[in-house]
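Here's a walk through one model, written for someone who likes to know the cut-offs behind the words.

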Amino acid sequence: MEYMKVYEEWIQNPFFDDETKQELIAIKDDEKEIRERFSVELEFGTAGLRGIIGAGTNRMNKYVVARATQGLANYIIKQGAQDKGVAIAYDCRNFSPEFADVAALTLAANGIKAYRFESLRPTPELSFAVRYLGCTAGINITASHNPPEYNGYKVYWEDGAQITPPNDTGIMSEVKALRIDESKTMDIEAAKAAGLYITIGKDVDDAYIAELKKQIKHQDAIDKFGKDITVVYTPLHGTGNIPARRILAEIGFPNVYVVPEQELPDGNFPTVDYPNPEAKEAFTLALKLAKEKDADLVLATDPDADRLGVYVKDSAGEYRCLTGNMSGSLLAEYEISETKATKGLPDDGVFIKTIVSTNLADQIANYYGVKLVECLTGFKWIGRVIHGMENEGVGTYLFGFEESYGCLIGTHARDKDAIVATMALCEAAAFYKSQGKTLWDAMIDMYEKYGYIYDAITTITMKGLDGIEKIKQVMTTLRNTTLTEIAGYKVLAVRDYDKDTITDLATGAVKPTGLPKSNVLYYELTDDAWLCARPSGTEPKIKFYYGVKGSSLEDAEKLSQDFAAKVQELIDSLS
């Protein structure tokens with residue numbers, strides 16, 4: 001049992017501190033827990049490292065953070081880019097400030113400047129800061145929307161996007177080549193004196209907010225109707241509170257009410273089990289306050305403020321939840337249509353979505369005559385497309401989103417940005433109010449225009465190492481099974497992104513997907529329906545995404561519910 005040897009080494013090696021050793025000694029009689037912590041190493045997924053906080057190779061702790069940063073430093077030095085420095089941000093989670101310092105001092109010990117934010121900041125501001133400061137890379141200590149016991153470590157490259165090939169594989173190779181006790185560090189005061197530990201804050205904040213304001217299409221509508229719109233907002237104990245309130249106040253939305261119980265940063269997230277705006281339970285307190293204030297819209301950002309959850313009031317005064325696909329489509333329609341109205345659309349305009357995002361995006365792109373680009377799940381791939389267009393000088397970015405409540409308006413960042421989305425959604429509310437409409441009215445108008453396309457997701461959690469194996473088995477079984485019918489819909493084609501194939505079931509013809517390798521299966525179905533199976537890159541889950549098209553919203557919702565039941569039957573048969 002190799003993991004027992006690694007466990008013993010951590011207890012005996014003087015490199016590890018007494019606190020770590022005591023935590024490990026406390027589990028000496030729990031072999032299952034030792035196996036969970038030491039049989040594998042925490043690996044980079046969709047968004048870098050993410051794991052449960054604790055001692056061990058398969059946990060988030062200062063040693064894992066230091067090793068990852070040492071590998072990053074080694075890679076940067078081999079690229080000859082050590083003089084440009086690295087920006088570091090962190091969120092509200094437990095140990096986030098400490099992990100940020102570990103990373104900063106590891107970089108400093110390698111002669112690389114660390115630009116560390118003075119206090120917690122949103123993920124999109126870190127993405128912005130990388131390019132604003134001219135850094136070669138960025139590090140963000142966050143586990144985004146994961147449960148409280150998690151923390152994480154995201155790496156960004158000089159383009160402001162999360163690392164993609166070849167940089168991701170290059171950095172990972174450097175990390176894997178290191179023993180856990182080979183990372184360097186130095187005293188913080190010595191690092192500051194040497195100019196290798198630099199604190200950043202207000203200057204970057206001001207520049208970031210200024211970039212957001214450049215994305216406003218209708219300040220006139222805000223000036224006229226902003227005061228008539230009431231917003232309830234919750235940062236869910238995270239990083240969004242200050243920047244979201246600041247941008248709304250500065251552009252002209254004075255009636256913003258923050259959920260008091262969730263206003264202050266708290267890594268234990270005492271009011272929610274799961275600080276994710278995708279979860280309806282996260283809105284309990286916000287909806288209560290919304291009813292008291294008769295709010296027009298209710299907004300929630302996740303802990304690192306890159307995802308935005310939305311409820312809007314309908315004509316009957318009821319609050320309607322907008323899924324990430326709905327809010328993303330609503331913002332896409334607003335941004336693209338009003339770009340066209342205010343200055344005209346560029347001939348090479350590009351709208352980007354991920355492969356699991358709604359087909360409403362296809363309809364919007366087709367209507368406005370702009371190019372639709374599909375990429376893999378994870379906003380880093382959208383960032384990569386933006387970077388590629390700028391490098392090649394072909395393609396003008398208009399909007400990009402993914403179904404998991406993330407979008408980007410503008411190119412100030414290369415990651416999803418819930419702060420700019422908050423601003424834009426409130427602006428859209430003011431604009432539609434000038435037309436005598438609510439955001440829900442605009443949503444229905446869009447459905448009438450493009451069809452009642454409804455998308456949903458079924459998620460199965462499988463925790464621990466055994467869960468990882470079960471997820472692999474489900475995907476393997478699915479990949480080795482030829483499905484000709486799903487939920488009453490005929491399968492037209494199967495995309496296997498792991499094999500880079502699209503197979504037409506009627507003809508047997510096979511063509512490439514054209515996207516990087518990924519463990520994803522996508523089924524194109526009759527009647528504009530679809531199903532996609534994908535293990536999560538950030539949580540111990542397997543996700544089944546699907547979409548249907550109905551004759552009305554009620555019909556589409558009913559079809560989706562029926563589809564979900566059939567998908568569950570399929571999952572049960574596989575697991």
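Helices (H or I, at least four residues) and strands (E, at least two) are DSSP runs, numbered from the N terminus. This is a predicted model, so local features need pLDDT of at least 70 and side-chain atom pairs count only at pLDDT 80 or more, while totals for chains, interfaces and linings use all residues. Residues are numbered from 1 along each chain as its sequence is written, and side-chain values use heavy atoms, with hydrogens and water left out.

On a 1 Å grid over the protein atoms alone, a cavity is a set of points where a 1.4 Å probe fits but cannot get out, and a pocket is an open set with protein on both sides within 12 Å along at least five of seven lines; lining residues have an atom within 4 Å of a point. Grid points are joined across faces, edges and corners, and a volume is the space filled by probe spheres set on the points.

The second largest pocket holds about 780 Å³ of space. Its lining has 29 residues, and E278, K280, T323, Y405 and I457 are the closest to the pocket centre. Which elements supply at least two residues each to this lining? They are β11 (319-322), α13 (324-342), β16 (452-461), β23 (541-550) and α19 (553-574). The largest share, five residues, comes from β16.

For residue classes, Ala, Val, Leu, Ile, Met, Phe, Trp, Tyr, Cys and Pro count as nonpolar, Asp, Glu, Lys and Arg as charged, and the others, Gly among them, as polar. On that scheme the pocket lining splits into 14 nonpolar, six polar and nine charged residues.

At least two lining residues each come from β10 (308-313), α13 and β15 (406-408), and α13 gives the most, with four. The cavity lining has six nonpolar, four polar and one charged residues.

**Two helix pairs**

Two packed helices are described by the angle between their axes and the distance between the axes. Axes here are lines fitted to C-alpha atoms, for helices over the stretch in contact, and angles run from 0 to 180 degrees between N-to-C directions. Contact means heavy atoms within 4.5 Å.

| Helix pair | Angle | Axis distance |
|---|---|---|
| α1 (2-12) and α3 (31-38) | roughly 85° | within 9 Å |
| α14 (360-368) and α17 (439-450) | about 75° | 10 Å |

Angles under 35 degrees count as roughly parallel, over 145 as roughly antiparallel, 65 to 115 as roughly perpendicular and the rest as oblique. So α1 and α3 are roughly perpendicular to each other. In this contact, Y3, M4, V6, Y7 and W10 of α1 meet E31, I34, R35 and F38 of α3. By class that makes seven nonpolar, no polar and two charged residues.

Helices α14 and α17 are therefore also roughly perpendicular to each other. Here L360, Q363, I364, Y367 and Y368 of α14 touch M446, Y447, K449 and Y450 of α17. This contact has seven nonpolar, one polar and one charged residues.

**Two open sheets**

Strands of a sheet pair through backbone hydrogen bonds, either parallel or antiparallel. Two strands pair if DSSP finds at least two bridges between them.

Inside it, β2 (86-90) and β4 (137-141) pair in the parallel sense over five bridges, and I88 has I139 in β4 as its bridge partner.

The other open sheet has four strands, ordered β13-β12-β14-β15, again with mixed pairing. β13 (371-375) and β15 stand at the edges with a single partner strand each, so one side of each is left without a neighbour in the sheet. The twist averages 20° from one strand to the next. Strand β14 (396-402) runs antiparallel to β15, joined by three bridges, and E402 stands opposite G406 in β15. Helix α14 lies across β12 (349-354), β13 and β14, running at about 175° to β12.

S144, in the loop between β4 and β5, has phi near 50°, a positive value in a residue other than glycine. The peptide bond from P165 to P166 is cis, with omega near 5°, and P166 is found in the loop between β5 (150-157) and α7 (167-176).
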